[in-house]
Amino acid sequence: MAEAKLHAVTKRFDDTTAIADMSLEVGHGEFVVLLGPTGAGKTTTLRLFAGLETPDVGRVEIDGIDVTTVPPAERDVAFVFQQYSLYPHLTVFDNLAFPLRAPGRKRPEAEVKKRVQDIAEMLRIESKLKNRSTVLSGGEMQRVSIGRALVREPNLFLMDEPLSSLDAKLREDLRVELKRIQRDLGATVLYVTHDQLEAMTLADRIGVMGEGRLAQIAAPREVYDQPANIYAAQRLGSPQINLLDIEQLGPLPAPEGAARMGLRPEDVRLNGAGVEGRALTVEHLGVETVALLEVGGAHVHALLDAGARLQEGDAIRVSARPGATIFFNQEGVRMEPTTPTPANPPNEGATPETALLLACIEAAAKAISDNEAEIEGLDRAIGDGDHYHNMKRGAETLLAMREELAAKSPDEALKAIAKKLVMTIGGASGPLLASYFLDMSKVSGAAGPWSANTAAAMATAGAEAVKARGKADIGMKTMLDVLIPVAQSLTEMAAASRPHEDILTEIPQVAETGLLSTKDMLAAKGRAAFLGERAIGHLDPGSKSCAVIISAICETVRSRAL
Ligand SMILES: Nc1ncnc2c1ncn2[C@@H]1O[C@H](COP(=O)(O)OP(=O)(O)OP(=O)(O)O)[C@@H](O)[C@H]1O
Ligand SMILES: [Mg+2]
């Protein structure tokens, strides 16, 4: 695998400038997603890397080598095209085997067979191997195209909307699978999509493209929270970010020279204070409510809880969550906020359970950052290197939500956390963490005091969520080796009505024992099997995070004597 770069590239077709003085770097092992509307220049960018187009100006580099004039066949890149392109006279097997039999890359036939079989299984087309490629459905053809790229290990994968012709379920499955394969291979991928959910979940970085240029390239959450400009702000989020006059919601601390104000629908508040408005439409969508509001002649979308009791025609007061407004200057470029949001918003007014939840979040975030060096070291030794990063982003996300969470019941707060995490954390971790919090919210109780039984039910629900979603099991060197024994001990101790003090002392020990067991785990199954020898003698980084968080939470509960 290699890094790939465009240096100040311009590409024209007659009088269309498809790419305008664009520079882009895809790091070694990085997954970069190009997101943008039709005609933005996404396919042209991929074709420049593949050598199917030559720049009019600028340079293309792969693996540190200038390949601007190197023909496609000599670039060692694999391309999955927007329209699948299979050899119609060949069977599925021969289509998949083709890249491995190509002159100059010829592999022994036994290896070809094994490789093709593995890939076909992964993409669930093994029963079609003998079919001619012309008799497949569109979705199957697309999977064969993806398979053809995956059979070999090129320097660079280029994928042009590879999942767009698949149905929703297969699309989700393949998205998860593709991310896993990329991590396992350490593959460098440049991937094009129109689909923001795909971009959010797959990308290490999203490159937002418009009119042959990069409007912004950054981690998904950064593009979402700190869009470089209005154009980038509008590419992520559904409903789209609200764009308002800076005084639309009353006097706000706008920086000097601000011309427009952006406010994400989930940051619109309807809680008594604010500017008068009216609900035009209210859609209850099950997990959330989307409302279109009218405020001083402007339309504002609001994303509210499922239980919001708003009705069409209701008179309301609209405000912005403090610190959530994004200001843009006359040119549409984002401006730094003048007054930083307070680092420690008070947890005032929260119920005791919600206040405890917030205190636990703060303690967990601190525990993660206090153990940064060890967790990162472990992840570098045996993980894919982004565990600490994801935990840190998760902690930052939760900390930033404190004020919003303080107004909610614990179950609503946990649900809000789940929803936010899906949006902000990419890869496999986002959905996994989200289902962890979502399932806890189902047993945390809408109101009423928490007991040891509540804690046991929440620990069990969380562990089960990870088990179900993470497709793993105990004994596989995953965080389940900590979560499951902790949930079991908590359940037993709660059932036996053991004193809280005992529980708070013993649970961190159970977590520590679970953590230590990951050190000696035989590289036999699942993740451990993939890691092989490399896994033996190392603690699992996920388990380490869990153990430090569990001890921090026990300490917090003890200090608050709830
Ligand atoms: N071979 C070509 N000849 C002429 N114009 C072209 C050619 N290829 C691309 N273009 C033009 O260059 C611009 C960028 O096209 P490109 O295919 O890169 O867009 P895209 O972002 O991939 O769009 P889509 O999402 O529709 O696939 C468009 O205006 C397109 O019409
Ligand atoms: Mg295209």
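How many residues surround ligand 1, and which are the closest? Keep that in mind as you go through these close-ups of a predicted model.

**Figure 1. Meet the neighbours of ligand 1.** The count is 14 residues around ligand 1, and the closest are Thr-38, Gly-39, Lys-42, Thr-43 and Thr-44.

Figure 2. Look for Thr-44 to begin with: a polar atom of its side chain sits 2.5 Å from an oxygen atom of ligand 1. With Gly-41, it's a backbone N or O atom that lies 2.9 Å from a ligand 1 oxygen. Ala-40 also uses a backbone N or O atom, here 3.2 Å from an oxygen of ligand 1. As for cover, ligand 1 on its own would expose 630 Å², and the protein buries 64% of that.

**Figure 3. Where the shell comes from.** Two or more shell residues come from each of these elements: strand S2 (16–26) and helix H1 (42–50). H1 gives the largest share, with 3 residues.

**Figure 4. An open sheet of 5 strands.** Read across the sheet and you get S13-S17-S14-S15-S16, paired antiparallel. Strands S13 (268–269) and S16 (298–305) are at the edges with a single partner strand each, so each has one side with no neighbour in the sheet. In general, it's backbone hydrogen bonds that pair the strands of a sheet.

Figure 5. What joins S13 to strand S17 (residues 315–320)? There are 2 bridges between these antiparallel strands. To spot a bridge pair, find Val-268, whose partner in S17 is Ala-320.

How values were computed
Residues numbered from 1 in each chain as written. Chains lettered and ligands numbered in written order. Predicted model: local features only at pLDDT ≥ 70, side-chain atom pairs only at ≥ 80, totals over all residues. Heavy atoms only, no water. Near = heavy atom within 4 Å. Polar contact = N/O pair within 3.5 Å; in protein donor to acceptor, adjacent residues only side chain to side chain. Areas by Shrake-Rupley, 256 points an atom, 1.4 Å probe, with all protein chains shown as cover. Helix = DSSP H or I, 4+ residues; strand = E, 2+ residues; numbered from the N terminus. Pairing = 2+ DSSP bridges.
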